[in-house]
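Hello,

Here is the structure I promised to pass on to you. My notes on what turned up in it follow below.

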Amino acid sequence: MKSLKVVFLGTPEFAKTSLEAVHQSHHEVVGVVTVADKASGRGQKINQSPVKIFASENNIPVFQPEKLRNPEFLEELRKLDADVFIVVAFRMMPRVLFEMPKMGTFNLHASLLPDYRGAAPINYAVINGEEKTGATTFFINEKIDEGNILLQEELNVFPDENAGALHDRLMVMGSKLVVKTLDGLAENSIQEKPQPEVEHPKNAYKIFKEDTRIDWTKTSKEVHQFILGMSPYPATFTTLKIGEEEKGLKIFGGKFEIEDHGKTVGSLEISKNEFKIFTKDGIYFPLELQLEGKKRMNIKDFLNGFRNFDEIKMA
């Protein structure tokens, strides 16, 4: 089978798994483009992306341009004479970059396009209670996630699966799909096809802090899926009033019961054994949570941290 010369563009763990799969295939990774190293945390330690770490360990040339239109960077890439570029969890690319390789540039996206175009497809698949999702490889054009589809594969979403667990399964499945796409391009056996025209495709917009607040007026099932869809990252939150102080409470998981309770929606009942929050049609029981300023813990340890439950209310 023909071997292709590949430049790989990506940053997080999700991308690293695909890079690893391509590196282990018979295709050749001639260069990697990733984000610049940055200082983070209390000690302002310099962090390298998972993609850079893997590339460095395997002696693959690494490029970390501040600007993707930088002429020197573009010239260096041209010299690599790659057949194809692969993009996994990177950033918007200018035409001058994605049109550079003779076979084009393809992207791995963690959804069944055209649904869930955007930055957070895994989160929204869980939030919306989808029973299946998947991954798509497609040629990049100037519109976000709208290029011609190469390959697509489905994956069932398990009941009560959170976004983190689904992310890890899609990461492995997607890495295999990337290699399969490369093989198909090398053999000229893939027929690219335009994305289906859908009047109202489901969106996966970027998630901001204000989008993660829990709306207790929704049904118990909607609240449950919302919490799962944001867990473990970026994590949902609500606000408690403890005495005179307001504190954010992240909730990572729990369970619910449908019940006609007659209580105020969004109010709580808390004791040394149980934490209940009343929804539109039932009760939600948080089981994994993190109070502002504390570490993440299970419900038992959380409740053991309080002496006076009467002073705890929903803010």
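Let me begin with Lys276, which sits in strand S13, residues 275-278 (helices, H or I with at least four residues, and strands, E with at least two, are DSSP runs numbered from the N terminus). Gly266 is 10 residues away from Lys276 in sequence and 9.8 Å away in space, C-alpha to C-alpha. If residues up to four places away in sequence are not counted, Lys276 touches Ser267, Leu268, Glu269, Ile283, Tyr284 and Phe285, where a contact means heavy atoms within 4.5 Å.

A word on the source: this is a predicted model, in which local features need pLDDT of at least 70 and side-chain atom pairs count only at pLDDT 80 or more, while totals for chains, interfaces and linings use all residues. Residues are numbered from 1 along each chain as its sequence is written, and side-chain values use heavy atoms, with hydrogens and water left out.

**The chain as a whole**

The chain holds 8 helices and 16 strands, and its C-alpha trace spans about 70 × 45 × 30 Å along the principal axes. Of its 315 residues, 49% are buried (buried is under 20% relative accessible area, exposed over 50%, and partly exposed in between, with a 1.4 Å probe and protein chains only). The accessible surface of the chain is about 16600 Å², and carbon and sulfur atoms account for 48% of that; these areas come from the Shrake-Rupley method with a 1.4 Å probe, and for residues only the protein chains shown count as cover. Among contacts in the chain with a separation of 6 or more, 65% are between residues 24 or more positions apart.

The largest pocket holds about 1400 Å³ of space. It is lined by 47 residues, and Ala89, Gly118, Ala119, Ala120 and Pro121 are the closest to its centre. Elements that give two or more residues to this lining are helix H1 (13-24), strand S6 (84-88), helix H4 (95-98), strand S7 (105-109), helix H5 (121-127) and helix H6 (163-186). H6 provides the largest share, 4 residues. By type, the lining of the largest pocket divides into 27 nonpolar, 10 polar and 10 charged residues (Ala, Val, Leu, Ile, Met, Phe, Trp, Tyr, Cys and Pro count as nonpolar, Asp, Glu, Lys and Arg as charged, and the others, Gly among them, as polar).

The second largest pocket has a volume of about 240 Å³. Its lining has 13 residues, with Ile127, Lys218, Glu222, Val223 and Phe226 nearest the centre. H5 and helix H7 (220-229) each give two or more residues to that lining, and H7 gives the most, 5 residues. Here the division is 6 nonpolar, 1 polar and 6 charged.

For the method: on a 1 Å grid over the protein atoms alone, a pocket is an open set of points where a 1.4 Å probe fits, with protein on both sides within 12 Å along at least five of seven lines, and lining residues have an atom within 4 Å of a point. Points are joined across faces, edges and corners, and a volume is the space filled by probe spheres set on them.

**Cores**

The largest nonpolar core has 40 residues, of which Phe8, Ile86 and Phe106 touch the most other members. H6 supplies the largest share of this core, 11 residues. A second, separate core of 31 residues includes Leu240, Phe302, Leu303 and Met314. Such a core is a set of buried Ala, Val, Leu, Ile, Met, Phe, Trp, Tyr and Cys residues joined through side-chain atoms within 4.5 Å.

Thr137, in strand S8 (residues 132-139), is buried with a relative accessible area of 0%. Beyond four places in sequence, its contacts include Phe106, Leu108, Ile149, Leu177 and Thr181.

**Backbone details to check by eye**

Most residues other than glycine have a negative phi, and most peptide bonds are trans. Some exceptions are worth a look:

- The Leu113 to Pro114 peptide bond is cis, with omega near 15°, and Pro114 lies in the loop between S7 and H5.
- The Ser231 to Pro232 bond is cis too, with omega near 5°.
- Asn188 has a positive phi of about 55° and is exposed at 70% relative accessibility.
- Ala235 has phi near 80°, lies in the loop between H7 and S10, and is buried at 5%.

Best wishes
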